[in-house]
Amino acid sequence: VTCPDPIRLVAASAGEDVAASAHATACPACRRAMRDHLALRELARALPAPALDREHADELGAALLARAEAVTVDPPVVPPPIPVAGRPDPLIPSMRSPGASARRGTDGRRHVIAVAVATAALAAAVAVIAIVHPDPPERALPVVSAPPGDREPETAVAYLDVPAPAPAGRARPAAADVIASAGARFERSEAGAVDRIVLRDGALTIDVAPASPPIAIVGTNVTVRATRARLATRGDAGVIRHVRVLAGTAEIEDGSAVIAVVAGETWTWDEPAAVAAAADPAAERAGPPAGSPDDPMAAFTAATDARKAGAHARAAALFERAAADATIAEEATFMAAVAWDAAGDAGRARAAYRRFLDRFPESRTAAAARTALDRLPAPAPEPE
Amino acid sequence: MRTPGASARLVPLRREGVSVDELSDDGLIAACATGDRAARAALFARHVGGVHRFIARMTAADADAVDDLVQTTFLEAFRGAARYRGGSQVRTWLYGIAANLVRTYARGEIRRKAALAAVRTLPVRGGDPDAAERRVMMDRLAAGVARLSHELREVFVLVDVEEWKGAEAAAALGVPEGTVWRRLHDARLRLRAMLEGGGAAS
């Protein structure tokens, strides 16, 4: 049996190399080395932590914020243009060693051929699209509708447009990320420098990165504009019902006035229910009126308040109700699990975390959910 | 709240007062990029404990220098908030900024190495002999950590003291994960030599 590299035993002592750990249990020499590693690690963990008392932290924070007033936020970094194949960018120094040109022979030619084939295929695709849609005034896209499924996870929408060639010397910024709920219907197009979405039905979560072009979400009632922001919105029969701003700021305009909604706030289209029903008989089927106890957005707000007040079980129940709204389902499902956990109800917490991981396995909080799930005690065995 | 001149169709506007404390780290960074003061305060409150502890352990400097490095870390984060693209955790990003600042600070403090090496050993009086021996070992370890090179010290502090995953430390320090384990191996070799009194950390 060959002993692993000593460096792997270091990783094993931190619990990150299972194979080396297994070897060390059987090999006396490696077991001794592991014991030394673990002893040192234990001593390191016991080193006293430098103290930062609350009062000092507050003073430090106050001084920092005063200094921060003078800080100018750097502009976002625009990625450099991709050099054209065969014409290396003179600003990028060559990383090849002097002898590399002799070695790259066949591989280099294969690479050039592959790039040429890919370029030709892309050019052909662009040409076909140009023939089918000769010179459109505005590159309209078909209505995108995610197919309904058994589950209703939010579905990533692939961009259907072919990127226009970037102006010489300038990179084309990436468009905003749009996540649509199952069954959502909207049209996306470019209008000048603005990314335009006409929202018909369903929920969208939109992340407008700093380098992305501004976005305009158009409903029959209002237009929502955002630059460098993350927001969730829901439409119903062409009417934008909710806009929840998660980061940055959004502007909501109805043609005569503009209102700014900042991170953490929710704007709700509060059309009187009777008027809405008269104008659109389908409105009653769309869900409870905003602000009512059954309204998911209202439930989310109430859940947040309950959690702050320490009423974790009530908060969990409200978060579960709020999860009915696809725009906040991810956050609400996770928070429901956290609240059940805080309430000490391990069974419901476990079920909620599993439900969250089933629906949103790629969520940014998925890792935290898995950790919490591992930490929860195993369910009691069924009595025989 | 109604904007002057707003039409009746936009009213009532229901503003639900969710504080910045409810935002995720990524949300806070996005708000910081717009110069939001409340978001800056919340980001600081959320991470100052860890950043302060890391810097204090890395520098063994006086309290004023640690405070200044902590503030500079957050000022750099506020300044660069628009460049944060969410590729790593915010905590990793902040520690990466702190590690760079500490590295620069350490270069300026190179002449004070001798002072760092003179970390005193606490006197041990009576009590449990095992506990007394452990205290001596911990004092030697603290002195040894201060005498490690910057590269070795930062991985030892992050992985062994702060108990970060190797991949997370690698992301914060901008090095491959294998480099983290190799540096940690070297750091432990030197520290073990220090603890056994058989050699000096370089």
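How many disulfides does a search of the whole structure find over all chains? The search finds zero. The model is a predicted one.

Start with the cysteines of chain A. A:Cys3 is in no disulfide. Its nearest cysteine sulfur belongs to A:Cys30, 3.6 Å away. A disulfide needs the two sulfur atoms within 2.5 Å. A:Cys27 also has A:Cys30 as its closest cysteine, with 3.7 Å between the sulfurs, too far for a bond. Their surroundings can be read from accessibility. A:Cys3 is partly exposed, with a relative accessible area of 40%. A:Cys27 counts as buried, at 12%.

Now turn to the rings. The count comes to nine aromatic pairs over all chains. One of them joins A:Phe300 and A:Phe319 edge-to-face, at 5.4 Å centre to centre and 75° between the planes. A:Phe300 sits in helix 7 (residues 296-308) of chain A and A:Phe319 in helix 8 (residues 312-322), so the pair ties together parts 19 residues apart in sequence. Both A:Phe300 and A:Phe319 are buried.

B:Phe44 and B:Phe74 form an edge-to-face pair, with centres 5.0 Å apart and 65° between the planes. B:Phe44 lies in helix 2 (residues 37-59) of chain B, and B:Phe74 in helix 3 (residues 63-79), so this pair ties together parts that are 30 residues apart in sequence. B:Phe44 is buried, with a relative accessible area of 6%. B:Phe74 is buried too, at 0%.

Back in chain A, ring pairs also build a cluster. Its members are A:Phe334, A:Tyr353, A:Phe356 and A:Phe360.

Technical notes
Residues are numbered from 1 along each chain as its sequence is written. Chains are lettered from A and ligands numbered from 1 in the order in which they are written. This is a predicted model: local features need pLDDT of at least 70, side-chain atom pairs count only at pLDDT 80 or more; totals for chains, interfaces and linings use all residues. Side-chain values use heavy atoms; hydrogens and water are left out. Rings of Phe, Tyr and Trp (its six-membered ring) pair if their centres lie within 6.5 Å; planes under 30 degrees apart count as stacked, over 60 as edge-to-face and the rest as tilted. Helices (H or I, at least four residues) and strands (E, at least two) are DSSP runs, numbered from the N terminus. Buried means under 20% relative accessible area, exposed over 50%, partly exposed in between (1.4 Å probe, protein chains only).
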